[in-house]
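Reader: I'm new to this one. Can you walk me through the aromatic rings?
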Protein chains: 2
Amino acid sequence: MTTQAIGYIDSGIGGITVAREALRQLPHEVVYYVGDTARMPYGPRPTEEVLAYTWEMVDFLVKKDIKMLVIACNTATAAALPDLRAKLDIPVIGVIAPGVRGALRATKNKRIGVIATAGTVKSQAYAKALEHKDGAVVVSQLACPEFVQIVENNQSDSAAATAVISDKLAYFADKDIDTLVLGCTHFPLLDQTIAKVMGENVALVNSGAVAIENVSAMLDELNISNPASIDRSKDEYYTTGDAAAFHTLASRWLNDDNLNVQHLAMTTTGLKLEN
Amino acid sequence: MTTQAIGYIDSGIGGITVAREALRQLPHEVVYYVGDTARMPYGPRPTEEVLAYTWEMVDFLVKKDIKMLVIACNTATAAALPDLRAKLDIPVIGVIAPGVRGALRATKNKRIGVIATAGTVKSQAYAKALEHKDGAVVVSQLACPEFVQIVENNQSDSAAATAVISDKLAYFADKDIDTLVLGCTHFPLLDQTIAKVMGENVALVNSGAVAIENVSAMLDELNISNPASIDRSKDEYYTTGDAAAFHTLASRWLNDDNLNVQHLAMTTTGLKLEN
(Lines give C-alpha, C1' and ligand atoms only; values in the text may rest on other atoms or scores of the structure.)
Protein backbone atom coordinates (compact mmCIF):
# COMPACT_ATOMS: atom_id res chain seq x y z
CA MET A 1 0.00 0.00 0.00
CA THR A 2 2.94 2.33 0.62
CA THR A 3 3.70 3.22 -3.02
CA GLN A 4 0.13 4.13 -3.98
CA ALA A 5 -0.72 7.77 -4.69
CA ILE A 6 -2.54 10.19 -2.40
CA GLY A 7 -5.57 11.74 -4.12
CA TYR A 8 -6.46 15.45 -4.02
CA ILE A 9 -9.75 16.93 -5.17
CA ASP A 10 -10.83 20.53 -5.57
CA SER A 11 -13.52 22.53 -7.34
CA GLY A 12 -10.77 23.88 -9.56
CA ILE A 13 -7.23 25.07 -9.19
CA GLY A 14 -7.05 26.50 -5.64
CA GLY A 15 -6.28 23.06 -4.24
CA ILE A 16 -2.96 23.25 -6.07
CA THR A 17 -1.71 25.17 -3.01
CA VAL A 18 -2.43 22.03 -0.98
CA ALA A 19 -0.66 19.84 -3.53
CA ARG A 20 2.25 22.28 -3.37
CA GLU A 21 2.49 21.70 0.39
CA ALA A 22 2.37 17.94 -0.22
CA LEU A 23 5.26 18.17 -2.69
CA ARG A 24 7.21 20.17 -0.12
CA GLN A 25 6.41 18.29 3.09
CA LEU A 26 5.96 14.79 1.63
CA PRO A 27 8.23 14.57 -1.41
CA HIS A 28 8.16 10.75 -1.38
CA GLU A 29 4.42 10.62 -1.98
CA VAL A 30 2.79 10.47 -5.43
CA VAL A 31 0.15 13.15 -6.17
CA TYR A 32 -3.05 12.48 -8.15
CA TYR A 33 -5.06 15.70 -8.45
CA VAL A 34 -8.53 16.30 -9.88
CA GLY A 35 -9.85 19.86 -10.32
CA ASP A 36 -13.48 20.27 -11.39
CA THR A 37 -12.63 23.53 -13.15
CA ALA A 38 -15.56 23.24 -15.58
CA ARG A 39 -18.08 23.48 -12.75
CA MET A 40 -16.32 25.90 -10.43
CA PRO A 41 -16.98 27.81 -8.24
CA TYR A 42 -18.72 25.39 -5.87
CA GLY A 43 -19.49 28.14 -3.33
CA PRO A 44 -22.90 29.22 -4.73
CA ARG A 45 -24.10 25.66 -5.56
CA PRO A 46 -26.59 23.69 -3.44
CA THR A 47 -24.96 21.23 -1.03
CA GLU A 48 -26.47 18.21 -2.82
CA GLU A 49 -24.87 19.29 -6.07
CA VAL A 50 -21.46 19.86 -4.47
CA LEU A 51 -21.76 16.40 -2.88
CA ALA A 52 -22.60 14.76 -6.23
CA TYR A 53 -19.74 16.48 -8.10
CA THR A 54 -17.33 15.64 -5.30
CA TRP A 55 -18.29 11.96 -5.50
CA GLU A 56 -17.59 11.97 -9.25
CA MET A 57 -14.00 13.08 -8.59
CA VAL A 58 -13.66 10.60 -5.74
CA ASP A 59 -14.95 7.68 -7.81
CA PHE A 60 -12.41 8.47 -10.53
CA LEU A 61 -9.54 8.48 -8.00
CA VAL A 62 -10.69 5.44 -6.05
CA LYS A 63 -10.60 3.41 -9.30
CA LYS A 64 -6.97 4.50 -9.55
CA ASP A 65 -6.33 2.85 -6.17
CA ILE A 66 -5.31 5.85 -4.04
CA LYS A 67 -4.30 5.13 -0.43
CA MET A 68 -5.68 8.37 1.05
CA LEU A 69 -7.95 11.23 -0.02
CA VAL A 70 -7.47 14.94 0.64
CA ILE A 71 -10.43 17.28 0.05
CA ALA A 72 -8.37 20.33 -0.93
CA CYS A 73 -11.38 22.66 -0.98
CA ASN A 74 -13.23 24.27 1.91
CA THR A 75 -16.66 24.16 0.26
CA ALA A 76 -16.37 20.47 -0.63
CA THR A 77 -15.05 19.69 2.86
CA ALA A 78 -18.09 21.34 4.45
CA ALA A 79 -20.48 19.55 2.06
CA ALA A 80 -18.97 16.09 1.70
CA LEU A 81 -16.48 15.12 4.42
CA PRO A 82 -18.83 13.14 6.71
CA ASP A 83 -20.36 11.23 3.78
CA LEU A 84 -16.96 10.41 2.25
CA ARG A 85 -15.58 9.27 5.64
CA ALA A 86 -18.59 7.06 6.23
CA LYS A 87 -18.47 5.36 2.83
CA LEU A 88 -14.79 5.10 1.90
CA ASP A 89 -12.39 2.61 3.46
CA ILE A 90 -9.36 4.89 3.00
CA PRO A 91 -8.58 7.86 5.29
CA VAL A 92 -10.15 11.16 4.23
CA ILE A 93 -8.65 14.51 5.28
CA GLY A 94 -10.43 17.86 4.84
CA VAL A 95 -9.03 21.38 5.17
CA ILE A 96 -11.36 22.95 7.75
CA ALA A 97 -10.45 21.02 10.90
CA PRO A 98 -6.70 21.43 10.21
CA GLY A 99 -7.22 25.20 9.77
CA VAL A 100 -9.00 25.29 13.11
CA ARG A 101 -6.22 23.39 14.84
CA GLY A 102 -3.54 25.54 13.24
CA ALA A 103 -5.33 28.68 14.44
CA LEU A 104 -5.62 27.41 18.02
CA ARG A 105 -1.93 26.53 17.96
CA ALA A 106 -0.99 30.00 16.70
CA THR A 107 -3.21 32.34 18.70
CA LYS A 108 -2.21 33.84 22.01
CA ASN A 109 -5.02 36.35 22.57
CA LYS A 110 -7.77 34.00 21.30
CA ARG A 111 -9.04 36.58 18.80
CA ILE A 112 -9.04 34.85 15.42
CA GLY A 113 -9.94 36.15 11.96
CA VAL A 114 -11.15 33.93 9.12
CA ILE A 115 -11.21 34.91 5.44
CA ALA A 116 -13.00 32.56 3.06
CA THR A 117 -15.54 32.39 0.25
CA ALA A 118 -19.07 33.62 0.95
CA GLY A 119 -20.27 30.02 1.09
CA THR A 120 -17.74 28.96 3.69
CA VAL A 121 -18.41 32.05 5.83
CA LYS A 122 -22.16 31.42 5.61
CA SER A 123 -21.71 27.77 6.63
CA GLN A 124 -20.11 28.98 9.90
CA ALA A 125 -17.91 25.88 9.66
CA TYR A 126 -14.80 27.60 11.00
CA ALA A 127 -16.57 29.60 13.70
CA LYS A 128 -18.48 26.59 15.00
CA ALA A 129 -15.43 24.34 15.04
CA LEU A 130 -13.24 26.97 16.73
CA GLU A 131 -15.84 27.63 19.41
CA HIS A 132 -16.42 23.89 19.91
CA LYS A 133 -12.76 23.52 20.87
CA ASP A 134 -12.41 26.72 22.87
CA GLY A 135 -15.42 28.59 24.23
CA ALA A 136 -13.23 31.66 24.89
CA VAL A 137 -12.25 32.39 21.29
CA VAL A 138 -13.68 35.40 19.50
CA VAL A 139 -13.99 34.77 15.76
CA SER A 140 -14.29 37.52 13.11
CA GLN A 141 -15.18 36.25 9.64
CA LEU A 142 -14.97 38.02 6.30
CA ALA A 143 -16.01 36.77 2.87
CA CYS A 144 -13.38 37.68 0.26
CA PRO A 145 -14.58 36.23 -3.07
CA GLU A 146 -12.63 39.00 -4.85
CA PHE A 147 -9.39 37.32 -3.76
CA VAL A 148 -10.36 34.17 -5.68
CA GLN A 149 -10.83 36.23 -8.83
CA ILE A 150 -7.45 37.88 -8.40
CA VAL A 151 -5.79 34.47 -8.26
CA GLU A 152 -7.80 32.91 -11.07
CA ASN A 153 -6.99 35.90 -13.29
CA ASN A 154 -3.30 35.45 -12.50
CA GLN A 155 -3.06 39.01 -11.09
CA SER A 156 -1.63 38.14 -7.68
CA ASP A 157 1.31 40.48 -8.04
CA SER A 158 -0.53 43.54 -9.42
CA ALA A 159 -0.85 46.88 -7.65
CA ALA A 160 -4.61 46.64 -8.13
CA ALA A 161 -4.63 43.36 -6.23
CA THR A 162 -2.75 44.92 -3.34
CA ALA A 163 -5.27 47.76 -3.21
CA VAL A 164 -8.25 45.38 -3.14
CA ILE A 165 -6.65 43.21 -0.45
CA SER A 166 -5.75 46.22 1.65
CA ASP A 167 -9.29 47.64 1.39
CA LYS A 168 -10.97 44.37 2.31
CA LEU A 169 -8.70 43.52 5.23
CA ALA A 170 -9.26 46.96 6.78
CA TYR A 171 -12.32 45.18 8.23
CA PHE A 172 -10.01 43.63 10.83
CA ALA A 173 -8.46 46.94 11.94
CA ASP A 174 -10.50 47.16 15.14
CA LYS A 175 -10.81 43.40 15.78
CA ASP A 176 -7.48 42.97 17.63
CA ILE A 177 -6.86 39.57 16.00
CA ASP A 178 -3.43 37.92 16.31
CA THR A 179 -4.21 35.06 13.91
CA LEU A 180 -5.84 34.98 10.46
CA VAL A 181 -7.00 31.73 8.88
CA LEU A 182 -6.69 31.56 5.09
CA GLY A 183 -9.97 29.66 4.78
CA CYS A 184 -9.88 29.17 1.01
CA THR A 185 -7.21 27.19 -0.78
CA HIS A 186 -6.65 30.04 -3.27
CA PHE A 187 -5.50 32.44 -0.58
CA PRO A 188 -1.99 31.10 0.15
CA LEU A 189 -1.11 32.41 -3.33
CA LEU A 190 -1.68 35.91 -1.91
CA ASP A 191 0.03 35.28 1.42
CA GLN A 192 2.86 37.76 0.98
CA THR A 193 0.49 40.63 0.24
CA ILE A 194 -1.89 39.57 3.03
CA ALA A 195 1.02 39.32 5.49
CA LYS A 196 2.23 42.79 4.55
CA VAL A 197 -1.25 44.30 4.97
CA MET A 198 -1.94 42.53 8.30
CA GLY A 199 1.49 43.30 9.79
CA GLU A 200 3.98 41.13 11.62
CA ASN A 201 1.84 40.72 14.73
CA VAL A 202 -0.78 38.63 12.91
CA ALA A 203 0.06 34.98 12.21
CA LEU A 204 -1.36 33.58 8.97
CA VAL A 205 -2.64 30.00 9.05
CA ASN A 206 -2.46 28.06 5.78
CA SER A 207 -5.14 25.38 6.27
CA GLY A 208 -3.67 23.32 3.44
CA ALA A 209 -0.22 23.25 5.03
CA VAL A 210 -1.69 22.00 8.30
CA ALA A 211 -3.83 19.49 6.39
CA ILE A 212 -0.67 18.02 4.86
CA GLU A 213 0.85 17.74 8.34
CA ASN A 214 -2.35 15.81 9.18
CA VAL A 215 -1.80 13.58 6.11
CA SER A 216 1.76 13.01 7.30
CA ALA A 217 0.47 12.00 10.76
CA MET A 218 -2.01 9.58 9.22
CA LEU A 219 0.76 8.01 7.10
CA ASP A 220 2.74 7.55 10.32
CA GLU A 221 -0.16 6.08 12.28
CA LEU A 222 -1.11 3.60 9.57
CA ASN A 223 2.53 2.95 8.67
CA ILE A 224 1.90 3.52 4.95
CA SER A 225 4.51 6.18 4.10
CA ASN A 226 6.39 5.59 0.88
CA PRO A 227 9.95 5.14 2.20
CA ALA A 228 11.84 5.94 -1.02
CA SER A 229 12.12 9.06 -3.10
CA ILE A 230 10.16 9.12 -6.34
CA ASP A 231 10.33 10.62 -9.79
CA ARG A 232 7.79 13.48 -10.07
CA SER A 233 6.73 12.12 -13.48
CA LYS A 234 4.53 9.68 -11.51
CA ASP A 235 2.24 12.59 -10.54
CA GLU A 236 -1.00 13.01 -12.50
CA TYR A 237 -3.22 16.10 -12.79
CA TYR A 238 -6.75 16.05 -14.19
CA THR A 239 -9.22 18.82 -14.94
CA THR A 240 -12.78 18.86 -16.20
CA GLY A 241 -11.93 22.19 -17.83
CA ASP A 242 -9.32 23.25 -20.33
CA ALA A 243 -6.10 21.28 -19.82
CA ALA A 244 -3.84 23.96 -21.32
CA ALA A 245 -5.23 26.72 -19.08
CA PHE A 246 -4.91 24.45 -16.05
CA HIS A 247 -1.35 23.62 -17.05
CA THR A 248 -0.42 27.31 -17.28
CA LEU A 249 -1.60 28.21 -13.79
CA ALA A 250 -0.58 24.97 -12.04
CA SER A 251 2.90 25.01 -13.62
CA ARG A 252 3.45 28.52 -12.38
CA TRP A 253 2.30 27.78 -8.84
CA LEU A 254 4.21 24.49 -8.60
CA ASN A 255 7.22 25.91 -10.42
CA ASP A 256 7.32 22.89 -12.72
CA ASP A 257 6.77 23.04 -16.49
CA ASN A 258 6.59 19.27 -16.92
CA LEU A 259 3.24 18.63 -15.26
CA ASN A 260 1.18 15.83 -16.74
CA VAL A 261 -2.28 17.44 -17.10
CA GLN A 262 -5.16 15.57 -18.75
CA HIS A 263 -8.74 16.50 -19.52
CA LEU A 264 -11.63 14.56 -18.00
CA ALA A 265 -14.99 14.43 -19.77
CA MET A 266 -18.15 14.71 -17.70
CA THR A 267 -20.34 11.77 -18.78
CA THR A 268 -23.56 10.30 -17.43
CA THR A 269 -21.49 7.52 -15.86
CA GLY A 270 -18.96 9.80 -14.23
CA LEU A 271 -15.66 11.48 -15.13
CA LYS A 272 -13.77 9.74 -17.92
CA LEU A 273 -10.40 10.18 -19.59
CA GLU A 274 -10.77 11.21 -23.23
CA ASN A 275 -8.86 9.12 -25.72
CA MET B 1 -16.12 9.02 26.49
CA THR B 2 -15.93 12.73 25.72
CA THR B 3 -15.57 14.02 29.29
CA GLN B 4 -12.73 11.67 30.29
CA ALA B 5 -9.25 13.10 30.88
CA ILE B 6 -6.27 12.94 28.54
CA GLY B 7 -3.21 11.42 30.25
CA TYR B 8 0.32 12.85 30.01
CA ILE B 9 3.46 11.07 31.17
CA ASP B 10 7.04 12.28 31.44
CA SER B 11 10.25 11.32 33.17
CA GLY B 12 9.80 14.44 35.27
CA ILE B 13 8.72 18.00 34.78
CA GLY B 14 9.70 18.83 31.18
CA GLY B 15 6.42 17.41 29.91
CA ILE B 16 4.68 20.28 31.66
CA THR B 17 5.46 22.30 28.50
CA VAL B 18 3.28 19.82 26.60
CA ALA B 19 0.51 20.09 29.21
CA ARG B 20 0.81 23.87 28.88
CA GLU B 21 0.12 23.58 25.15
CA ALA B 22 -2.85 21.32 25.92
CA LEU B 23 -4.30 23.90 28.32
CA ARG B 24 -3.84 26.54 25.62
CA GLN B 25 -4.98 24.67 22.51
CA LEU B 26 -7.54 22.35 24.12
CA PRO B 27 -8.97 24.20 27.12
CA HIS B 28 -12.04 21.93 27.24
CA GLU B 29 -9.96 18.82 27.94
CA VAL B 30 -9.07 17.56 31.43
CA VAL B 31 -5.34 16.99 32.11
CA TYR B 32 -3.99 14.06 34.19
CA TYR B 33 -0.19 14.30 34.39
CA VAL B 34 2.34 11.88 35.88
CA GLY B 35 6.01 12.89 36.19
CA ASP B 36 8.47 10.22 37.30
CA THR B 37 10.67 12.86 38.92
CA ALA B 38 12.17 10.41 41.42
CA ARG B 39 13.77 8.38 38.64
CA MET B 40 14.68 11.12 36.17
CA PRO B 41 16.57 11.60 33.94
CA TYR B 42 15.55 8.69 31.71
CA GLY B 43 18.19 9.54 29.06
CA PRO B 44 21.06 7.44 30.48
CA ARG B 45 18.87 4.44 31.49
CA PRO B 46 18.66 1.18 29.51
CA THR B 47 15.67 1.00 27.17
CA GLU B 48 14.12 -1.92 29.11
CA GLU B 49 14.14 0.15 32.28
CA VAL B 50 12.59 3.19 30.58
CA LEU B 51 9.93 0.88 29.15
CA ALA B 52 9.14 -0.61 32.58
CA TYR B 53 8.93 2.80 34.31
CA THR B 54 6.79 4.16 31.50
CA TRP B 55 4.35 1.24 31.87
CA GLU B 56 4.04 1.98 35.61
CA MET B 57 2.85 5.51 34.83
CA VAL B 58 0.57 4.25 32.07
CA ASP B 59 -1.01 1.59 34.29
CA PHE B 60 -1.78 4.22 36.92
CA LEU B 61 -3.49 6.47 34.34
CA VAL B 62 -5.35 3.68 32.54
CA LYS B 63 -6.97 2.72 35.86
CA LYS B 64 -8.18 6.32 36.00
CA ASP B 65 -9.98 5.74 32.67
CA ILE B 66 -8.16 8.23 30.40
CA LYS B 67 -9.41 8.49 26.81
CA MET B 68 -6.02 9.18 25.22
CA LEU B 69 -2.34 9.02 26.23
CA VAL B 70 0.40 11.54 25.39
CA ILE B 71 4.02 10.52 25.94
CA ALA B 72 5.33 13.98 26.76
CA CYS B 73 8.98 12.88 26.78
CA ASN B 74 11.30 12.19 23.85
CA THR B 75 13.24 9.40 25.58
CA ALA B 76 10.09 7.54 26.61
CA THR B 77 8.61 8.03 23.14
CA ALA B 78 11.67 6.43 21.55
CA ALA B 79 11.65 3.55 24.04
CA ALA B 80 7.97 2.78 24.52
CA LEU B 81 5.67 4.16 21.79
CA PRO B 82 5.36 0.99 19.63
CA ASP B 83 4.76 -1.23 22.66
CA LEU B 84 2.15 1.13 24.14
CA ARG B 85 0.36 1.45 20.79
CA ALA B 86 0.29 -2.32 20.36
CA LYS B 87 -1.09 -3.05 23.82
CA LEU B 88 -3.42 -0.17 24.69
CA ASP B 89 -6.87 0.28 23.19
CA ILE B 90 -6.76 4.09 23.48
CA PRO B 91 -4.84 6.34 21.06
CA VAL B 92 -1.21 7.02 22.01
CA ILE B 93 0.62 10.14 20.80
CA GLY B 94 4.38 10.65 21.14
CA VAL B 95 6.45 13.80 20.63
CA ILE B 96 9.02 12.72 18.03
CA ALA B 97 6.85 12.21 14.94
CA PRO B 98 5.03 15.53 15.54
CA GLY B 99 8.40 17.31 15.83
CA VAL B 100 9.44 15.77 12.53
CA ARG B 101 6.24 16.87 10.81
CA GLY B 102 6.48 20.36 12.29
CA ALA B 103 10.04 20.67 10.98
CA LEU B 104 9.10 19.55 7.45
CA ARG B 105 6.25 22.05 7.47
CA ALA B 106 8.57 24.88 8.59
CA THR B 107 11.71 24.33 6.54
CA LYS B 108 12.28 25.89 3.15
CA ASN B 109 15.94 25.02 2.55
CA LYS B 110 15.65 21.48 3.97
CA ARG B 111 18.53 22.04 6.40
CA ILE B 112 17.19 21.18 9.83
CA GLY B 113 18.85 21.33 13.25
CA VAL B 114 17.79 19.18 16.22
CA ILE B 115 18.71 19.84 19.83
CA ALA B 116 17.88 17.12 22.36
CA THR B 117 19.29 15.09 25.23
CA ALA B 118 22.32 12.90 24.56
CA GLY B 119 20.08 9.81 24.60
CA THR B 120 17.70 11.16 21.99
CA VAL B 121 20.55 12.31 19.74
CA LYS B 122 22.23 8.90 20.07
CA SER B 123 18.97 7.12 19.17
CA GLN B 124 18.96 9.00 15.83
CA ALA B 125 15.16 8.99 16.15
CA TYR B 126 14.73 12.48 14.68
CA ALA B 127 17.33 12.08 11.94
CA LYS B 128 15.95 8.72 10.79
CA ALA B 129 12.35 9.90 10.80
CA LEU B 130 13.19 13.14 8.94
CA GLU B 131 15.18 11.29 6.29
CA HIS B 132 12.46 8.64 5.96
CA LYS B 133 10.01 11.37 4.94
CA ASP B 134 12.37 13.42 2.80
CA GLY B 135 15.61 12.00 1.44
CA ALA B 136 16.83 15.52 0.60
CA VAL B 137 16.93 16.90 4.15
CA VAL B 138 20.26 17.55 5.85
CA VAL B 139 19.99 17.07 9.61
CA SER B 140 22.46 18.53 12.14
CA GLN B 141 22.02 17.21 15.68
CA LEU B 142 23.41 18.54 18.93
CA ALA B 143 23.06 17.11 22.44
CA CYS B 144 22.32 19.88 24.95
CA PRO B 145 21.93 18.21 28.36
CA GLU B 146 23.08 21.47 29.98
CA PHE B 147 19.81 23.08 28.89
CA VAL B 148 17.85 20.56 30.96
CA GLN B 149 19.87 21.50 34.04
CA ILE B 150 19.24 25.20 33.48
CA VAL B 151 15.50 24.57 33.42
CA GLU B 152 15.46 22.13 36.35
CA ASN B 153 17.47 24.63 38.42
CA ASN B 154 14.95 27.33 37.57
CA GLN B 155 17.68 29.54 36.03
CA SER B 156 16.06 30.05 32.62
CA ASP B 157 16.28 33.83 32.83
CA SER B 158 19.86 34.15 34.12
CA ALA B 159 22.73 35.75 32.21
CA ALA B 160 24.74 32.57 32.79
CA ALA B 161 22.03 30.58 31.02
CA THR B 162 22.15 32.90 28.03
CA ALA B 163 25.92 32.48 27.84
CA VAL B 164 25.70 28.67 27.93
CA ILE B 165 22.96 28.60 25.31
CA SER B 166 24.84 31.00 23.06
CA ASP B 167 28.06 28.95 23.34
CA LYS B 168 26.34 25.65 22.59
CA LEU B 169 24.29 26.88 19.65
CA ALA B 170 27.37 28.36 17.98
CA TYR B 171 27.68 24.78 16.66
CA PHE B 172 25.02 25.65 14.09
CA ALA B 173 26.79 28.80 12.82
CA ASP B 174 28.10 27.12 9.65
CA LYS B 175 25.20 24.67 9.17
CA ASP B 176 22.87 27.05 7.27
CA ILE B 177 19.76 25.65 9.02
CA ASP B 178 16.44 27.48 8.71
CA THR B 179 14.60 25.28 11.24
CA LEU B 180 15.55 24.06 14.72
CA VAL B 181 13.61 21.29 16.45
CA LEU B 182 13.37 21.61 20.23
CA GLY B 183 13.74 17.85 20.69
CA CYS B 184 13.38 17.79 24.47
CA THR B 185 10.25 18.90 26.28
CA HIS B 186 12.30 21.10 28.65
CA PHE B 187 13.54 23.32 25.84
CA PRO B 188 10.40 25.37 25.10
CA LEU B 189 11.02 26.98 28.49
CA LEU B 190 14.16 28.49 26.96
CA ASP B 191 12.59 29.37 23.61
CA GLN B 192 12.98 33.14 23.88
CA THR B 193 16.70 32.90 24.56
CA ILE B 194 17.16 30.23 21.88
CA ALA B 195 15.22 32.36 19.37
CA LYS B 196 17.38 35.40 20.13
CA VAL B 197 20.60 33.41 19.72
CA MET B 198 19.50 31.69 16.49
CA GLY B 199 18.10 34.85 14.90
CA GLU B 200 14.84 35.54 13.11
CA ASN B 201 15.67 33.43 10.06
CA VAL B 202 15.54 30.17 12.01
CA ALA B 203 12.09 28.79 12.84
CA LEU B 204 11.85 26.96 16.17
CA VAL B 205 9.67 23.84 16.26
CA ASN B 206 8.07 23.00 19.60
CA SER B 207 7.42 19.26 19.29
CA GLY B 208 4.95 19.38 22.16
CA ALA B 209 2.87 22.09 20.50
CA VAL B 210 2.62 20.02 17.32
CA ALA B 211 1.87 16.90 19.37
CA ILE B 212 -1.14 18.69 20.90
CA GLU B 213 -2.31 19.62 17.41
CA ASN B 214 -2.06 15.86 16.71
CA VAL B 215 -4.12 15.14 19.86
CA SER B 216 -6.67 17.66 18.62
CA ALA B 217 -6.82 15.89 15.23
CA MET B 218 -7.32 12.53 16.93
CA LEU B 219 -10.16 13.98 19.05
CA ASP B 220 -11.76 15.19 15.80
CA GLU B 221 -11.31 11.88 13.97
CA LEU B 222 -12.73 9.79 16.81
CA ASN B 223 -15.33 12.43 17.66
CA ILE B 224 -14.43 12.38 21.36
CA SER B 225 -13.76 16.09 22.04
CA ASN B 226 -15.26 17.41 25.25
CA PRO B 227 -17.73 19.98 23.87
CA ALA B 228 -18.11 22.14 27.00
CA SER B 229 -15.67 24.26 28.95
CA ILE B 230 -14.43 22.80 32.22
CA ASP B 231 -13.22 23.95 35.61
CA ARG B 232 -9.42 23.55 35.81
CA SER B 233 -9.85 22.06 39.31
CA LYS B 234 -10.58 18.77 37.50
CA ASP B 235 -6.91 18.54 36.45
CA GLU B 236 -4.65 16.23 38.46
CA TYR B 237 -0.85 16.21 38.67
CA TYR B 238 1.19 13.36 40.14
CA THR B 239 4.89 12.98 40.84
CA THR B 240 7.02 10.16 42.17
CA GLY B 241 9.28 12.86 43.63
CA ASP B 242 8.67 15.71 46.03
CA ALA B 243 5.20 17.15 45.53
CA ALA B 244 6.11 20.61 46.87
CA ALA B 245 9.11 21.00 44.55
CA PHE B 246 7.01 19.80 41.61
CA HIS B 247 4.30 22.26 42.58
CA THR B 248 6.76 25.16 42.64
CA LEU B 249 8.09 24.59 39.12
CA ALA B 250 4.83 23.47 37.51
CA SER B 251 2.88 26.39 39.01
CA ARG B 252 5.38 28.81 37.60
CA TRP B 253 5.38 27.30 34.10
CA LEU B 254 1.60 26.95 33.98
CA ASN B 255 1.05 30.31 35.68
CA ASP B 256 -1.42 28.72 38.10
CA ASP B 257 -0.92 28.52 41.87
CA ASN B 258 -3.87 26.20 42.45
CA LEU B 259 -2.47 23.04 40.89
CA ASN B 260 -3.53 19.80 42.54
CA VAL B 261 -0.20 17.93 42.91
CA GLN B 262 -0.03 14.57 44.70
CA HIS B 263 2.84 12.22 45.50
CA LEU B 264 2.88 8.68 44.12
CA ALA B 265 4.76 5.95 45.98
CA MET B 266 6.78 3.43 43.96
CA THR B 267 5.67 0.00 45.20
CA THR B 268 6.29 -3.53 43.99
CA THR B 269 2.80 -3.51 42.48
CA GLY B 270 3.16 -0.18 40.71
CA LEU B 271 2.65 3.51 41.46
CA LYS B 272 0.21 4.15 44.29
CA LEU B 273 -1.35 7.22 45.88
CA GLU B 274 -0.25 7.67 49.47
CA ASN B 275 -3.02 8.16 51.98
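Reader: Which residue lies over the face of Tyr53(A)?
Author: Arg39(A) does, at 3.8 Å from the ring centre. A charge counts as over a ring if NZ of Lys or CZ of Arg is within 6 Å of the ring centre and within 35 degrees of the ring normal. This is a predicted model: local features need pLDDT of at least 70, side-chain atom pairs pLDDT 80 or more, while totals for chains, interfaces and linings use all residues. Residues are numbered from 1 along each chain as its sequence is written, chains are lettered from A in the order in which they are written, and side-chain values use heavy atoms, without hydrogens and water.
Reader: And what lies over Tyr53(B)?
Author: Arg39(B), at 3.8 Å from the ring centre.
Reader: New topic. How many aromatic pairs over all chains?
Author: The search finds 12. Rings of Phe, Tyr and Trp (its six-membered ring) pair if their centres lie within 6.5 Å; planes under 30 degrees apart are stacked, over 60 edge-to-face, the rest tilted.
Reader: Why is the pair of Phe60(A) and Tyr238(A) edge-to-face?
Author: The planes are at 70°, so the pair is edge-to-face; the centres are 4.9 Å apart.
Reader: Are those two buried or exposed?
Author: Phe60(A) and Tyr238(A) are both buried. Buried means under 20% relative accessible area, exposed over 50%, partly exposed in between (1.4 Å probe, protein chains only).
Reader: Back to chain B. What kind of pair do Tyr42(B) and Tyr53(B) form?
Author: A tilted one, 6.1 Å centre to centre with 45° between the planes. Tyr42(B) and Tyr53(B) are both buried.
Reader: Which residues form a cluster with Tyr33(A)?
Author: Tyr237(A) and Phe246(A), in one aromatic cluster.
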